[in-house]
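Let's take a friendly walk through this model together.

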Amino acid sequence: MGVKVLMCLLLVKGVTYSRLVNGCHTSYSAAYKGKVTNCQKQNLTQVPLDLPKDIVGLDLQDNLLTSLPNNSFITLPKLRFLFLSHNPLTELQREAFRGLDKLETLEMACDTLSLDVTTYPDGLFQHLVHLQKLFLISSINGDAQFPTQIVEGLSNLEELHINSWPEGGHWPQLQKVKDTLTFLDIDTVGVPILRNTTFEALHDIPINIFWVNGLLSSIETGTLCPFTNLSKLRMSTSYGSSIKLVSITRALQCLAGRRMEEIILSRVVTTGESSVILTEEMFSYLADICVKKVDLSRNKITQVDANAITNSTFFRCIEYLDLSKNMFNGGMIKPVVISMHFMENLKYLDASQVHRMSSSLRQTYATKRQEGLYLSIPPNLSYLNLSGAANANHVRIAVTLTHSDHLSVLDFSRNGLIDIPAYLECCKNLKLLDISHMKIQQNVFNNTNMVTNLETLLVHDVTSDDDMFVSPTEPFFHVMTELKRLDLSGNNLQLINKNTFSNFQELENLSLARNRLNDLSEEILTMVWLKHLDVTSNSLSVISTYQQTLLDDIVVNNGFFYLYMAGNIFSCSCGTLHFIQWLQETDVTLDDHGNYSCILGDGTLSDTATFYAKRTFEWRTCVGHFWLSVAIIGTLITLLSLLVAFLVKKYLPKIEHQLLQVLGYNPGRRPKREDFDYDAYICYESSQYDWPCHCLFKELPQVSPGIRLYLPDLHDPVGCSQAEVTIDALSRSWKIVIVLTENFLKDEWIHFTVLSTVRLMSVNNAISDRVLLLYRDMSSAARARVPHLLLNVVSEEHILDVEDSPQFWTHLCQCILNDKPTALF
C-alpha cells in the first residue's frame with residue numbers, strides 16, 4: 001500500500017513539473033540555470049496563480065494581458081527573467097513588480113503601452129534592485145510627459161533598450177545609474193532628429209555600447225560628444241529615413257582620439273541619397289579614431305575617392321572591414337583593392353555582392369602588362385570575401401595576390417562567368433576556398449601552391465563546358481592532403497569518375513546533394529576516413545546489400561558515420577525489403593531517423609517507416625507471389641514438354657531432314673561469282689563521291705583488268721525508283737563494298753543501303769563474307785557509331801583502312817574476286 005501511494009505522489013509531481021493545467025510548460029534550462037515556465041500564446045488574461053514557486057524564468061509573451069495589478073508576481077521570489085512583450089497591456093499598477101528583488105531581465109515590448117508618467121507611475125521599478133537589462137518598447141505620445149523616474153531603484157542597471165527620449169535630453173535621474181549603465185539601445189521612433197543636446201544627460205555615464213536605429217532624418221555634429229567612454233557604436237535606419245552618410249561621419253568627429261572596438265553603419269542610407277561617394281572629407285572626420293571593426297555595408301556606395309584611404313590614418317587600425325552589398329563601380333578598384341595594402345592591420349575584408357565591378361576590372365587590366373593583374377593585399381589579411389563581386393559576361397584575367405601568406409579564407413563565389421580562379425596565384429596557407437556558382441575550367445586546381453593546405457573546398461552549383469567530374473582528360477582534383485570538407489552539391493552529376501576522390505586521404509565531409517546520382521560509388525563507400533556523406537535530393541531508389549555492408553564497415557572503423565538521404569524517392573517493394581530493414585536497424589546515423597519517402601508496388605507514395613512496420617505482411621505477400629510464379633512456370637514447362645514430345649513423335653522424319661540441312665548436308669549448288677552481273681557494288685555517301693568515282697574506280701581496273709564495278713552515280717538508271725534500283729543492284733553484285741566516312745550515317749540513302757545489305761546477306765542469300773568495309777578518314781568516335789547489325793555480317797579480315805599504296809589496291813582486289821566464300825548450306 002505504501003509503495004502505491006509513493007508512486008502516485010511521484011506521478012502527480014511529474015505532471016506538475018512538465019505540464020500545468022493552464023497550458024504552460026515548465027522544464028529545466030541550462031542557459032538560465034534553473035526551471036523556466038513557457039506560457040507563450042495561451043490566451044491568458046492574467047498571470048497564472050499556480051506557477052511553480054522555484055522557477056527562475058517566466059515567458060508570458062503573445063497573450064491577452066491588459067493590466068498588471070499589484071503583487072502580480074509576489075509568489076515568484078526566485079524569478080530572474082520575465083518576458084511580457086506582445087501583450088495588449090494598458091495599465092501598470094505601482095506595486096505590480098513587488099517581490100521581484102532578484103529579477104535581472106525584464107522585457108516589455110508592448111505597443112499598447114504609452115511611454116509616459118501616467119502609464120509608468122513613479123516607483124514602478126523600485127523593487128527591482130538587481131535588474132540588469134530593461135526593454136521598454138512602447139507607443140509614443142508626443143504630448144505626454146516622459147517618465148524620467150523609471151530608473152528609480154535600478155541601482156544595478158547595465159542595459160537600457162528604449163524607443164523614446166525626454167524632450168531636450170534633460171534626464172537628471174540617469175545619474176543614479178551612472179556607475180552601472182554601459183549599454184544604451186534607442187529606437188528613434190519619437191526622436192527623428194538627434195541634436196547635440198539630445199544625450200547631454202549621458203556626460204558622466206560610462207556608456208560603452210550605443211545602438212541607435214529607426215527613422216532618422218538628421219544628426220547634428222555634437223550629438224555623440226557626451227559618449228566619452230564609447231567603444232561600440234551601431235547605427236541603422238528604417239526605410240524612409242532621409243539622413244545622409246556625410247552628416248553621420250561629421251557627428252563621429254566627437255570620437256577623435258578614441259580606441260574603439262567597432263563602428264557599425266550598415267544600411268544607414270535608405271531614401272536620403274540615391275548613391276554615395278566616400279570622399280576624403282568624410283574620412284577626415286574619422287582621421288583620429290582608431291577602430292578595429294568598420295561596417296559600411298548596404299549604403300549605396302558607388303565610389304571611393306582616390307586619396308580617401310591613403311591619406312587617412314583611420315584605416316591603419318582597422319582589422320575588420322565590411323563593404324558588402326553596395327554598388328561599387330570602377331572607383332572601388334584603386335582605393336580598396338590596389339591600395340588596400342595600406343591597411344596594415346586588416347584581417348577581414350568583405351566586398352561581396354557589389355555591382356558593376358566587371359567594367360572596372362577590364363579597365364584596370366588594360367593598364368597592366370599582359371601577364372595579368374597583380375594585387376598587393378594587406379600583409380595580415382586572413383579573410384577575403386569577393387562573392388558576387390563581378391557580373392561580366394565572360395572575363396579571363398590572370399590574377400596574382402601578392403603578400404597573401406596569411407590569407408586562410410577566400411570566397412570567390414557567385415562571380416558569373418569570370419574565369420579568374422583558373423589563373424589565380426596566391427595563398428600557400430589557404431584553408432577555405434569557395435568558387436561556387438561559377439563557370440570553372442579543367443585547370444582550375446592546377447595551382448598546387450594554392451591547394452596544398454586547403455581544408456575546405458566549396459564547388460557547388462558550378463557550370464562548365466565539359467562534364468569534368470565524369471570523364472576528365474586529367475584528374476580534376478589534384479593532391480589535397482589536408483582537405484577535410486568537399487561540397488559538390490547542385491552540379492547535375494549523374495556519374496562520378498572512378499578516380500575523382502583518389503587524392504583525398506583526410507576527407508571527412510562530402511556533399512553530393514542536389515545531383516542526379518542513382519547509385520553510391522564504391523570508391524566513396526571505401527573511404528574509411530569519411531564521417532559525413534550528404535546525398536540528399538538525388539535519384540537513389542535503393543542501397544544494395546553490398547553497399548550496406550560497406551557503410552556498416554565505416555561505422556566499425558570510425559565509431560560513427562552520418563548519412564543524409566532525405567529528398568530521394570526510394571522503392572518499397574519485395575526486392576527492397578532488406579534495404580528497408582537496414583534503414584531501421586543499422587548503426588549508421590541517418591537523417592530523419594531513416595524515414596524517407598518511397599513508392600509502393602502499386603505506384604502510391606508512402607514512407608519507409610510505415611513499410612517497415614508492415615514488413616511481416618509484405619514478406620508473406622512477396623513469398624506468396626514467388627511460389628505462385630514457380631507453380632505457374634512449372635505447369636507451363638510440363639505442358640510444353642508434353643507438346644514437344646508429341647510433335648517429335650509425329651513429325652520425326654521432317655525434323656531429321658531439317659537437322660541434316662542445318663548440319664550442312666544440302667545437295668543444292670553453291671552460287672559462284674560468274675552468276676552475278678557485277679563483281680562489286682560500291683556504296684558511299686552521295687556527298688563523298690569524289691574518291692570512289694575518281695580514285696577507287698580508276699585504281700581497281702589497273703590492278704585487275706576486267707573487274708566489274710557498280711557505282712550508283714555512273715550506273716543507276718534515270719527515272720526509276722531509287723529504292724528498287726538499289727535493291728536490284730545489290731542482288732546482282734557478288735560483293736558489296738561500303739565506303740565509310742566521318743558522317744556516313746547522316747546520308748539517308750547509305751542508311752537504306754546498309755539495311756538492305758544486312759537483310760540480303762542474312763536472310764535472302766546462302767553465302768556469307770560478301771560485305772567489305774572501307775574506313776576512310778574516320779575518327780575513333782565515328783567508328784564506334786558503326787551499327788552492330790552491319791558488323792555482324794562482315795568478317796574481321798574484310799574491314800580495311802584505306803591507304804594510298806599498291807599493296808592496298810591489290811589486297812582489295814583479292815577480297816573482291818575471292819571465289820570461295822563461306823557457304824551457309
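Is C39 buried or exposed? This is a predicted model, and in it C39 has a relative accessible area of 0%, so C39 is buried. Its partner is C24, joined to C39 through a disulfide with an S to S distance of 2.0 Å. C24 lies in the loop between α1 and β1, while C39 lies in the loop between β2 and β3, so the bond ties together parts that are 15 residues apart in sequence. C24 is buried as well, at 0% relative accessible area. The link of C24 and C39 is right-handed, with 120 degrees about the S-S bond.

Searching the whole structure gives four disulfides. Another one joins C225 and C254, with the sulfur atoms 2.0 Å apart. Here the torsion about the S-S bond is about -50 degrees, so this disulfide is left-handed. C225 is partly exposed at 33% relative accessibility, whereas C254 is buried at 18%.

Next, look at C290 and C317, again a disulfide with S to S 2.0 Å. The torsion of about -105 degrees makes the link of C290 and C317 left-handed. C290 sits in strand β17 and C317 in the loop between α4 and β19, so the bond connects parts 27 residues apart in sequence.

A nonpolar patch of about 870 Å² includes L640, F646, L647 and Y651. Helices α12 and α13 each supply at least two of the patch residues, and α12 gives the most, with six. L647 belongs to α12 and is partly exposed, at 36% relative accessibility.

Terms used:
Residues are numbered from 1 along each chain as its sequence is written. This is a predicted model: local features need pLDDT of at least 70, side-chain atom pairs count only at pLDDT 80 or more; totals for chains, interfaces and linings use all residues. Side-chain values use heavy atoms; hydrogens and water are left out. Patches are made of residues with over 30% relative accessible area and no salt bridge: like charges are joined within 9 Å, nonpolar side chains (Val, Leu, Ile, Met, Phe, Trp, Tyr) within 5 Å. Accessible areas come from the Shrake-Rupley method with a 1.4 Å probe; for residues, only the protein chains shown count as cover. A salt bridge is a side-chain nitrogen of Lys or Arg within 4 Å of a carboxyl oxygen of Asp or Glu. Helices (H or I, at least four residues) and strands (E, at least two) are DSSP runs, numbered from the N terminus. Buried means under 20% relative accessible area, exposed over 50%, partly exposed in between (1.4 Å probe, protein chains only). A disulfide is a pair of cysteine sulfur atoms within 2.5 Å.
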